[in-house]
Amino acid sequence: MDSKPTSFATTGRSRKGEPFVWLTAAGLTMGVVLTLGLLGLVVTKGIQTFWPDRIQVFEIDTGAGTEKVAGYVVQERERRDPQGVDHEEIQIFRGNRELFGEKFAFFDRASIRSQEIPEDILLVERMEGGHVIARAGKILRADGTEVPANDPGFATSLDELIEKTDTKREELRRIEKIEIGRNAREVKELRSLERFEGSTPETQARLATLNEEFLKLDAERNLVRQALAGDVLLLDAVDGREIRIEAGELLHIFRPNQAGVIGRTGEMLRRVWHFLASDPREANTEGGVYPAIFGTVVMTLVMSLFVTPFGVVAAIYLREYAKQGPLVRAVRISVNNLAGVPSIVFGVFGLAFFIYFLGGVVDSWFFPRSEEPVFKSGGVLWASLTLALLTVPVVIVATEEALAAVPRGVREAALACGASKWQAIQRVVLPASLPGILTGVILAMARGAGEVAPLMLVGVVKSAPDLPIDGEAPFIHAERQFMHLGFHIYDLGFQSPDSEAAKPMVFATTLLLITIVVVMNLAAIIIRNRLRKKYATSSF
Amino acid sequence: MSDTFQQHPETAIEVADMDFHYGESKALKDIRLTVPRGRIVAFIGPSGCGKSTLLRCFNRMNDLVPGARVTRGSIHIDGVEIHSPEVDPVELRRRVGMVFQKSNPFPRSIYENVAYGPRIAGTKSKSELDGIVEEALKGAALWSEVESRLHESAFGLSGGQQQRLCIARAIAVRPEILLMDEPCSALDPVATAKVEELILDLKRNYTIVIVTHNMQQATRISDMTAFFYLGELMEYGATTKIFTRPERRETEDYVTGRFG
């Protein structure tokens, strides 16, 4: 090859400004790293929550002798004592709250004499008091018989016991929550009727029947309770003390040191399922988050139902009908600025307007006899409306842009066919701008699902007894308070009595919230892409 | 051909002393022109001469353009001044259909595109709509090509087919006059030939005004030709006369390609 410089040899000018390319790349990298870091942290911490660790038994030198402690290591840290000596410490989850008062404890690594992983340690979940880590003792049956741990039939008896308590507990829940609940509501309605219209023989007769029914249900309930109360499981903690668990309290028993990879994976899946599908217990630090998932999804969907038509209609007027001038410009600027108003302000507005004013009007029109406020208190309807208001600028802006992007030729074609302006918009312009509108709705949903601050004023609660939609007429209870994953995270992290115990739940719930937002967005994106295929405007 | 004009004295469109403004600038001045019924009239002239503007006046499409208005004179269609207050532009457009330069099918199926006009006019019965759609597609010589895929997206059609679909959509409304704004400018010669054939065929039922940049096209299909230059109607007469014995110098220069 000839290396003689040609007239096209570089003068270096083509590389001018390249440092700026590096700058832009660095900016993007920073963003990507931060996002991945956030996701990575949440995902690993969230998954750790569910993975069953091996339980170790430590022999600890207390100075006055040795003490045995069973549990799994949660974290390791270094601590400098007042004398300036560094100590390596491990934090152990040891459960057994009735014995120690605290579920977690720190131990100096130097004080550990020995550690082992014995096969026969049980991890017991119960209704109250948190986990128990102990060896099996014996089962005391209600009929006086005993099954000691070394009995070959012990494992089967234990399984039977848990299965039995599960069914009994389900029965109890049905009687208490559904049947007695229905009875109590009808009694309340009748009493209120009597107070306003005076008592009649019919109401009295009905009340008497209801009372009879209640007594019968109560007796039934007591029977189930007795059946639950009879059996007892005795466990031996590693320090020799005995733990007594009523069968009614038993939820689940797992042997983490015997289970292999498959067993532990199964246990993890069970925990995930339990987390997703069950109600919270013990001030939300145990159990699942099902009501919060339900509340979040319902609220977000209801919000979209409100915000979409409202935003689209407003945008159509603004773009297609309003005479473009200073007034419309002012409205447009205001709408854009509305998106920047702090969300708590919307919460305050929702409280004042929706709950106190609208709720008050609804109550005085439709529920004048109710003793407690029905709609004049926070609820899923008002929360959805508040969030709809918060996100409506997003939809308006997106819709306006989508409308503006519809080719003029398509509009003219519609008009040339003898369509009125509205017919052209309805049949041609709107379908063509649907994908763009949906993009706005997706953004609004993402914003709304993650919002917490305004919700605290308009209907979110730490623990809601009933879901906003259930099998009880009229099925949709728009006035009910609800739980929300975002608020749940806040509540677990800052309001929990035992923040150490709540920490894993915080990460798991965060992971879940992110997942739900992603899933809802993906669903909307899939719908949008289908529409885009269907309504793609001409590229010819 | 001027004698043919005599045999068909009935006029479809009559423009008298018309001036047209876009905001401050004058786009058309002192236009006087008569479109006879059942004929094809071609508007020719260099870009920006106002021929499309005049065409879009006939169905008041210029109403959509801010600041565009007729400032003097009148346009009568079937003897009615189309700018008078009792004329509803929507009704006017139903009777004066239009086909655009760029084919612009709706983002719908082929069937829905053609059924759009009748549907918004209030035709609900499925069988009636089916009949109209078939008739319009046959009228636009597209039926045999799309019969089997009526419910597929209109964007699946080729450029020429799309333009014929737009013609079908326009005639499905059953207008009396059809305005065509350079309908073949984006088509290849084969598609152009098909559309031209179609236009000649449509002459039986419609009065057609067509804007074109293609001289051969004007000679091939039109009965009368109007030559516009700088917002003025320079010459108007039978097509053969305009192309063979033009009266004005500008017309001759333009049709022979000496300027453009």
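**Exercise 1. Salt bridges within a chain**

Over all chains, the structure holds 55 salt bridges, a salt bridge being a side-chain nitrogen of Lys or Arg within 4 Å of a carboxyl oxygen of Asp or Glu. Before digging in, note that this is a predicted model, where local features need pLDDT of at least 70, side-chain atom pairs count only at pLDDT 80 or more, and totals for chains, interfaces and linings use all residues. Residues are numbered from 1 along each chain as its sequence is written, chains are lettered from A and ligands numbered from 1 in the order in which they are written, and side-chain values use heavy atoms, with hydrogens and water left out.

*Task:* Work out which parts of chain A the pair A:Arg113 and A:Asp61 ties together.

*Solution:* 
- Step 1: Check the distance. The closest N and O atoms of A:Arg113 and A:Asp61 are 2.3 Å apart, and the pair forms a salt bridge.
- Step 2: A:Arg113 lies in strand β5 (residues 112–116) and A:Asp61 in strand β1 (residues 56–61), so the pair ties together parts of chain A that are 52 residues apart in sequence. Strands here are DSSP runs of E with at least two residues, helices are runs of H or I with at least four, and both are numbered from the N terminus.
- Step 3: Look at accessibility. A:Arg113 has 47% relative accessibility and counts as partly exposed; A:Asp61, at 27%, is partly exposed too. The scale calls a residue buried under 20% relative accessible area, exposed over 50% and partly exposed in between (1.4 Å probe, protein chains only).

*Task:* Now try A:Arg169 and A:Asp166: how many residues apart are they in their helix?

*Solution:* 
- Step 1: Their closest N and O atoms are 3.0 Å apart, and they form a salt bridge.
- Step 2: Both sit in helix α3 (residues 154–197) of chain A, three residues apart, about one turn of the helix.
- Step 3: A:Arg169 is buried at 16% relative accessibility, while A:Asp166 is partly exposed at 38%.

**Exercise 2. Where chain A meets chain B**

*Task:* Find which element gives the most to the side of chain A that touches chain B.

*Solution:* 
- Step 1: Get the extent. 24 residues of chain A are in contact with 30 residues of chain B (contact means heavy atoms within 4.5 Å).
- Step 2: Find the charge pairing. The count between the two chains is one salt bridge: A:Glu412 pairs with B:Arg56, with closest N and O atoms 2.8 Å apart.
- Step 3: List the elements. Those giving two or more residues to this side of chain A are α10 (408–416), α11 (421–450) and α14 (499–535).
- Step 4: α10(A) gives the most, with eight residues.

**Exercise 3. Rings**

*Task:* Decide how the rings of B:Phe227 and B:Tyr229 are arranged.

*Solution:* 
- Step 1: Apply the rule. Rings of Phe, Tyr and Trp (its six-membered ring) pair if their centres lie within 6.5 Å; planes under 30 degrees apart count as stacked, over 60 as edge-to-face and the rest as tilted. This gives 21 aromatic pairs over all chains.
- Step 2: Read the geometry. B:Phe227 and B:Tyr229 are 6.4 Å centre to centre with 10° between the planes, which is a stacked pair.
- Step 3: B:Phe227 is buried at 0%, whereas B:Tyr229 is partly exposed at 26%.
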